[in-house]
Amino acid sequence: MRKILMLGVLAAFASCEEDKEGYFISGTVENATEGQEIYVSELNESNTQTVPVDTVQVVDGKFELDLPEKDSPAISFLNLKGTRGNILYIADNTPISFTIYPDSLYASTVTGGKDNEILYNYLGEIKENNRKMGEARNAMREAFSTQDTAKLKALQQTQQEITDKDKVNKKELVSQNPNSIVSVMVLQDMLNTKMYSTSELRTLFDNLSAEVKQTSLAQNLDQNLKNMSRTDVGNKAPGFSAPTPEGNELSLQEALGEVTLVDFWASWCKPCRVENPNIVKVYEKYHDKGFNIIQVSLDRPGQKDKWIKAIEDDNLGNWNHVSNLKFWQDPIAAQYGVRAIPAAFLLDKEGNIVAKNLRGESLEQKVGELLNAEASN
């Protein structure tokens, strides 16, 4: 699963080359092999894969390459032959300089251009938040082992504060940088977290500059937001039909109960598999009262056997399953604006969306609430 933002990329600082103009890259490579190749690539128009742009060789530990100017900023990558991973940067018609450490790509630096400054400040914040959350998780494990409930509660509050501050920082970054493609990348990250409403993201997107909105990345995000708005709570769930494990066609309408869970998952998705036992528990508790499930698998083409085995292994065989076996190109996922899994939509008996992305006790409580309300009518 490729994401637009690769969070494991490198820290950087912003500056400019003064002796070059336009889209020009240069840099040094620590302990480079003479003639070692550096590949330049960028995301394609659909933002689904990288395409090669040019190649340059390292000479005396240095490289430089003059590239055609861009019509609009592009998400780009450097890859040093013989190493794993990419160095992410924004090509925005400014000179960009790299200091590459092949044995420790995370220590490499990218300098040049306002977009890269914004990008690497953002990635630095993510790295720092991950560090703080990791420390809190380690402390929570220790507190749990000693049954220190007061400390556990305090650490949970600390985690929530980190999350809340991160949400605010992301919104501020986008608001303060309407002319940067990085704002689109951050909005895509925000969309993937499922922690923001569609209306929040739409407002932030609409405030971006016209130039940024013309980029393919922004246009893709715009379409994703439109798809997601169709699945806002209160809207009618998009209808669909797809093959069952037995090869029959099953529609959403046929699967509806008094309350129905439409759950997007896959055999390769670890968080999905972790949540499955809870879904089994809720189903066993409420199916007799009218709770139905239809799971939509995003398994890969040619891997029907893995999909079926996961259904068997996780004891999911008592409810409905469908899959087009098209991975992230699944048309149902596109209809529902699903960009990450697990993703879940809870429907009433008319097929209206009444809740989204509930898990654990929250799912059980909501299903019970809806069925009890239905029974009292």
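Rings of Phe, Tyr and Trp count as a pair if their centres lie within 6.5 Å. In this predicted model, Phe240, Phe264, Tyr336 and Phe345 form one aromatic cluster. The structure holds 10 aromatic pairs, and it also holds 1 cavity of 30 Å³ or more.

**Aromatic pair Phe63 and Phe98**

- The ring centres of Phe63 and Phe98 are 6.3 Å apart, and their planes stand at 35°. Planes under 30 degrees apart would count as stacked and planes over 60 as edge-to-face, so this pair is classed as tilted.
- Phe63 belongs to strand β4 (residues 62-66) and Phe98 to strand β7 (residues 96-100), so the pair ties together parts of the chain that are 35 residues apart in sequence.
- Both Phe63 and Phe98 are buried.

**Aromatic pair Phe240 and Tyr336**

- Phe240 and Tyr336 have ring centres 6.0 Å apart and planes at 75°, so they make an edge-to-face pair.
- This pair links distant parts of the chain, 96 residues apart. Phe240 sits in the loop between α6 (216-229) and β9 (241-243), while Tyr336 sits in the loop between α10 (331-335) and β14.
- Phe240 has 8% relative accessibility and therefore counts as buried.
- Tyr336 has 1% relative accessibility, so this residue counts as buried too.
- Phe240 and Tyr336 are both members of the aromatic cluster, together with Phe264 and Phe345.

**Charge over a ring**

- Lys167 lies over the face of Tyr196, at 5.4 Å from the ring centre.

**Cavity**

- The largest cavity has a volume of about 50 Å³.
- Its lining consists of Leu261, Asp263, Glu275, Ile279, Pro342, Ala343, Ala344, Leu358, Arg359 and Leu363.
- By class, the lining residues divide into 7 nonpolar and 3 charged, with no polar residue.
- Three elements each supply at least two residues of this lining: strand β11 (259-265), helix α8 (270-286) and strand β14 (343-348).

**Helix α1**

- Helix α1 spans residues 114-145, which is 32 residues.
- From its first C-alpha to its last, α1 reaches 47 Å, close to the 46 Å expected at 1.5 Å a residue.
- Gln147 follows α1 and has a positive phi, near 60°.

Notes:
Residues are numbered from 1 along each chain as its sequence is written. This is a predicted model: local features need pLDDT of at least 70, side-chain atom pairs count only at pLDDT 80 or more; totals for chains, interfaces and linings use all residues. Side-chain values use heavy atoms; hydrogens and water are left out. On a 1 Å grid over the protein atoms alone, a cavity is a set of points where a 1.4 Å probe fits but cannot get out, and a pocket is an open set with protein on both sides within 12 Å along at least five of seven lines; lining residues have an atom within 4 Å of a point. Grid points are joined across faces, edges and corners, and a volume is the space filled by probe spheres set on the points. Helices (H or I, at least four residues) and strands (E, at least two) are DSSP runs, numbered from the N terminus. Ala, Val, Leu, Ile, Met, Phe, Trp, Tyr, Cys and Pro count as nonpolar, Asp, Glu, Lys and Arg as charged, and the others, Gly among them, as polar. Buried means under 20% relative accessible area, exposed over 50%, partly exposed in between (1.4 Å probe, protein chains only). A charge sits over a ring if NZ of Lys or CZ of Arg is within 6 Å of the ring centre and within 35 degrees of the ring normal. The expected span of a helix is 1.5 Å times one less than its number of residues.
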